[in-house]
Amino acid sequence: MNTKKYISNLAEALFLAQEGKKEEEKNKLAENLRRILKERKKEYLLPKVIEKFEEMISRRQRIKLFLAKDQKSDLIKKIKSFLSEKFKGKEVDIIIDQNLIGGFRVKTENVLIKASVKDFLNEFKTCL
Amino acid sequence: MERVEDFKKKLEELKLKPKIEEIGEILEIKDGIVKASGLEGVENFEIVEFESRNSFGLVLNLEESETGIALLDRGEGLKEGDMVKRTKKTLTVPVGEKLLGRVIDPLGRPLDEKGEIKTGEFLPIERTSPSVFEREPVREPLHTGILAIDALTPIGRGQRELILGDRGIGKTALIIDTILNQKTEKKRPVCVYVACGQKKSKIKRLINTLEKKGALDYTIVVCASADDPASFLYLAPFAGVTIGEYFRDKGENALVIFDDLTKQSWAWREISLVLRRPPGREAYPGDIFYLHSRLLERAGKLSKEKGGGSLTALPIIETQAGDISGYIPTNVISICDGQIFLDSPLFYKGQRPAIDIGKSVSRVGSQAQLPAMKKVAATLKLDLAQFQELERFSEFTEELDSQTKKTIERGKIMREILKQGDLCPLPIEKEIVIIFSGTKGLLDEVDLKKIQSFKEELIEEIERTMPEVFVKLKEGVLDSETEAKIEKAALKVKGRLISSDK
């Protein structure tokens, strides 16, 4: 098995193992991983595994909310709380993308909600 | 002003609301296969879109945390992290009369620069084959125009007849002759030629030949050339059979040629290995048989209740060093209703088409022959087999009785009669006349070198002096009066040839 695949598999295993666990248990898992890698003389891979793991967390456990421009903090709080509730407690990252012109987009691992002015204009263009 | 009003109307009618798309992200791209995360609800064989490059892929692997997607183009510009979204559609191909005369790729896009193809009708590439009760036995002949095939291993409309042989010994030439011969056939079948993994120069030559001979008008060419992605080589035969099924289901006849399925099996092996499916014998995946069986089962003759249409399949398999006991050849032989084996030693000895009569068979047989051809070719296979035995025997001894010598001479003449040039398919009535002359011994004193001239002159003679013979034979009728006329013409031509020798 090549190194990249090995790192990917370890990160995946760690991700699946830590799902639904408390902070203490997660720390224990990380320690176990470090010990296993040391036993196999592959401790040098640990930073890459962690990097891959964090990438997985970002992709699977966080929601990206794209806004055309910055909004009032109250409004953002409301949106974040609404999205967290809808998507089972996932955390929300706000990204400002002026190309959207107006409106918003919501992106999770499996779903993309398009509600920006840019998307509406594209739809109109297709319709014509 | 009108245009502005039109735009205004469309804008008012448009209901703009948030769109929810099911998406994923590219994790890895390797050898034409994309591994993507997400796409939770994606179905097997669904088409997904890579929005960043406006290209598409076909879902082939559904795993716990990732999806394996075969790219439907070269995948240039795609990178890790790009978004992929579901289209919720399975792969379809355009079908219809507008495809006739056109050259397309497995997705139905034109390759011949003759403009867009607007068929309006699409069929899914993967379809179930007709059930047992929707079929009827194959009885109508499909004439290839090749003497050896139409006489000895006749093909019927709705049959699957495999063509096997090494590279460069005339498999495609046989196919081209078959397509050309359909020009003058009754209830002419639509021909679909699937070029799977062929060189572009060869495909171009084939298209030029068909165009020159006026055969392109009733032919559709589906191209997946050697430099196309493996997914195209995998899909091309399915696209071809789907296009043929459109005509079959309308009650018409269709002929689909897969040239060749060996390349399709290599492509499927490549895709399966990259998808990390467990390799089996010769590294082929476990479902390699199913790949060809589900393709070829779609050919058949439909019952009258279902329209009475037919789809004939002529798959080609390339063997290595004449080995028909290989994995893929044996698989496809067991699926098909017969095979035509082209032998390299025969080819190099000058016997062309190099059909090995002993190893070739048609499981439909004389049920798919005109009564006239059945009559004249009834004992031909047995006679040729006997001749081959005796010829081998005669290599060891020179002391042969007169009957054996006569059988050997007659066999040599028949073998010479069965030789045929490229791009010279013969209509069935002319084939019957030639076979009749041979089997009746009307050529017994003719020099072997003059047999080809005899064939041409006999046809000319009958066309000139008694054309009604061909009319009757085309209907399948060979009565004693017609036999007498053919005999008379044959003896006249023979006399001319013998006297010209002197």
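Biologist: Which residues line the largest cavity?

Modeller: This is a predicted model, where local features need pLDDT of at least 70, side-chain atom pairs count only at pLDDT 80 or more, and totals for chains, interfaces and linings use all residues. Residues are numbered from 1 along each chain as its sequence is written, chains are lettered from A in the order in which they are written, and side-chain values use heavy atoms, without hydrogens and water. A cavity is a set of points on a 1 Å grid over the protein atoms alone where a 1.4 Å probe fits but cannot get out, and lining residues have an atom within 4 Å of a point. The largest cavity is lined by A:Ser58, A:Arg59, A:Arg62, A:Lys64, A:Lys107, A:Thr108, A:Glu109, B:Ile23, B:Gly24 and B:Glu25.

Biologist: What volume does the largest cavity have?

Modeller: A volume is the space filled by probe spheres set on the grid points, which are joined across faces, edges and corners. For the largest cavity this comes to about 90 Å³.

Biologist: Is B:Tyr348 buried or exposed?

Modeller: Buried means under 20% relative accessible area, exposed over 50%, and partly exposed in between, with a 1.4 Å probe and protein chains only. B:Phe347 is buried at 14%. B:Tyr348 has a relative accessible area of 62%, so B:Tyr348 is exposed.

Biologist: Which ring lies under the charged end of B:Arg294?

Modeller: A charge sits over a ring if NZ of Lys or CZ of Arg is within 6 Å of the ring centre and within 35 degrees of the ring normal. B:Lys430 does this with B:Phe470, 5.9 Å from the ring centre. For B:Arg294, at 4.8 Å from the centre, the ring is that of B:Tyr290.

Technical notes: On a 1 Å grid over the protein atoms alone, a cavity is a set of points where a 1.4 Å probe fits but cannot get out, and a pocket is an open set with protein on both sides within 12 Å along at least five of seven lines; lining residues have an atom within 4 Å of a point.
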